[in-house]
Amino acid sequence: MRHGGAESVTMNVPFIDLSIQHKALREEILASLAATYDATRFCLGGDVERFENAFAAKLGYPRVLGMNSGTSPLHVGSIAGGFGPGDEVIVPAFTFISSAWGVSYTGATPVFADIDPRTYNLDPKSVEARLTPRTKGIVVVHLFGQPAPMDDLMAIAKRRGLFVVEDCAQAVGARYKGTPVGLIGDCGTFSFYPTKNLGGCGEGGAFTSREATVFEKARLLRVHGMARRYFHDVVGYNYRMDGFQGAALNVKLAHLAAWTARRRAIAARYRAGIRLADVGVADEPAYGESVYHQFTITHPRRDALREHLTRRQVGTDLIYPVPLHLQKAYAPLGYGKGSIPNAERVCETCVSLPIFPELTDEQVDYVIDSLNAF
Ligand SMILES: *Cc1c(COP(=O)(O)O)cnc(C)c1O
């Protein structure tokens with residue numbers, strides 16, 4: 001049923017509701033956690049190995065390391081890329097802050113580049129403009145689940161000998177021209193934070209690389225730089241995935257394809273239904289199907305639109321309100337307002353709509369009607 005009245009509240013659509021999925025899978029996940037508990041497989045271990053192998057086989061990766069967050073593999077990838085003090089690494093200005101953390105943790109300097117406002121992804125022309133003799137790498141983010149333009153970015157990287165880290169935290173299951181994201185650059189990183197497309201019951205992440213040497217470096221760094229028990233070859237970290245996350249993710253991985261299909265169906269419904277004047281809806285270029293971690297639109301009167309949706313009990317979120325170059329943490333880098341215009345404009349005009357897989361068509365239609373009534 002379609003609803004016309006501009007202020008008629010007939011439904012409550014949360015921005016995200018993790019409880020539906022976790023209620024449905026409760027018995028299965030708790031049984032899996034109990035098996036881990038009974039076997040005391042608490043850190044890495046059989047459940048994590050099973051997850052690494054299943055994730056690799058299902059999604060097309062040659063090798064996968066389970067880790068304790070999506071930020072840790074970005075750090076490890078930055079070390080594997082040889083980033084360090086004096087080096088510059090190009091990072092999009094419009095992303096989650098972790099995309100830059102890995103670079104900063106090594107002492108290298110993130111150099112923020114602009115995005116293409118039609119896809120929200122890194123603009124190869126902006127990357128080109130920021131190259132210097134110190135440029136050592138690029139962190140490419142497949143933002144909101146949409147693969148970035150890898151051919152153009154890799155052409156720059158190859159020409160300049162740059163190391164490419166693909167931040168796939170929002171793009172699990174996405175492919176660029178048929179290749180799984182994370183296998184085009186030198187390494188790929190994932191997050192299993194609970195709100196991600198594949199979320200654990202706590203913190204988690206993963207690392208992959210098409211290059212065995214990069215992968216083995218990451219494996220060493222993940223567990224205290226330890227090649228053999230109590231023999232430490234390099235300064236390492238404790239970035240192990242815990243056993244419970246492997247156990248929970250083993251249950252959830254079986255549902256990922258269906259959840260992704262549902263996210264894509266919701267996105268298609270939004271695209272077909274949204275008719276509000278002046279609204280900006282991102283393109284989905286033919287080179288890569290999005291897995292729609294977010295469905296983010298832009299509107300010149302974003303704040304008023306958001307208030308209108310809140311009155312209609314439609315949950316929204318601002319992802320992201322501030323670009324990386326204007327974050328307080330990066331103030332010492334000296335970027336001013338207006339220096340990265342597309343990223344800034346998107347931050348000022350974007351709003352993300354509900355797109356979790358358990359949304360009903362009626363809820364999606366209610367969001368559409370509410371938007372169109374603005
Ligand atoms: C979530 C996310 C991360 C970090 O993941 P954590 O698991 O929270 O450490 C990194 N990059 C992007 C783009 C993300 O969305």
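How many residues in the lining of the second largest pocket are nonpolar, polar and charged?

Analyst: The model is predicted: local features need pLDDT of at least 70, side-chain atom pairs count only at pLDDT 80 or more, and totals for chains, interfaces and linings use all residues. Residues are numbered from 1 along each chain as its sequence is written, and side-chain values use heavy atoms, without hydrogens or water.

The lining of the second largest pocket has eight nonpolar, three polar and four charged residues. (Ala, Val, Leu, Ile, Met, Phe, Trp, Tyr, Cys and Pro are nonpolar; Asp, Glu, Lys and Arg are charged; the others, Gly among them, are polar.) That makes a lining of 15 residues. Nearest the pocket centre are L59, G173, A174, R175 and T260. (On a 1 Å grid over protein atoms alone, a pocket is an open set of points with protein on both sides within 12 Å along at least five of seven lines; a cavity is a set where a 1.4 Å probe fits but cannot get out; lining residues have an atom within 4 Å of a point.) Two elements give two or more residues to this lining: α3 (46–59) and α10 (256–273). (Helices are DSSP runs of H or I, at least four residues.) α10 gives the most, with four residues.

The volume of this second largest pocket is about 270 Å³. (Volume is the space filled by probe spheres set on the points.) Where does the pocket sit? Domain 1 (23–253) and domain 2 (255–372) both give residues to its lining, so the second largest pocket lies between them. (Domain bounds come from an automatic or database assignment.)

Now set the largest pocket beside it. The largest pocket holds about 540 Å³ of space. Its lining counts 29 residues, and Y193, T195, K196, H293 and Y320 are closest to the centre. α4 (71–80) and α5 (98–105) are the elements that give two or more residues to this lining. By class, the lining divides into 12 nonpolar, 12 polar and five charged residues. Each of domain 1 and domain 2 gives it at least three residues.

Next, the ligand. There are 15 residues around the ligand, and G70, T71, D167, S191 and K196 come nearest. (Near means a heavy atom within 4 Å.) A polar side-chain atom of T71 is 2.5 Å from a ligand oxygen. A polar backbone atom of G70 lies 2.8 Å from an oxygen atom of the ligand. For K196, a side-chain N or O atom is 3.2 Å from a ligand oxygen. The protein covers 92% of the 380 Å² of accessible area that the ligand has on its own. (Shrake-Rupley method, 1.4 Å probe.)

The whole structure has two cavities of 30 Å³ or more. The largest cavity holds about 130 Å³. Its lining has 13 residues, with Y120, R271, A282, Y292 and Q294 closest to the centre. They divide by class into six nonpolar, five polar and two charged residues. Domain 1 and domain 2 each supply at least three residues to the lining of the largest cavity.

The second largest cavity has a volume of about 100 Å³. Of its 16 lining residues, L18, Q21, P194, K196 and R263 lie nearest the centre. α1 (18–24) and α10 each give two or more residues here. By class, this lining has seven nonpolar, four polar and five charged residues. Both domains contribute to it, so the second largest cavity lies between domain 1 and domain 2.

Conventions:
Points joined across faces, edges and corners; volume = space filled by probe spheres on them. Polar contact = N/O pair within 3.5 Å; in protein donor to acceptor, adjacent residues only side chain to side chain.
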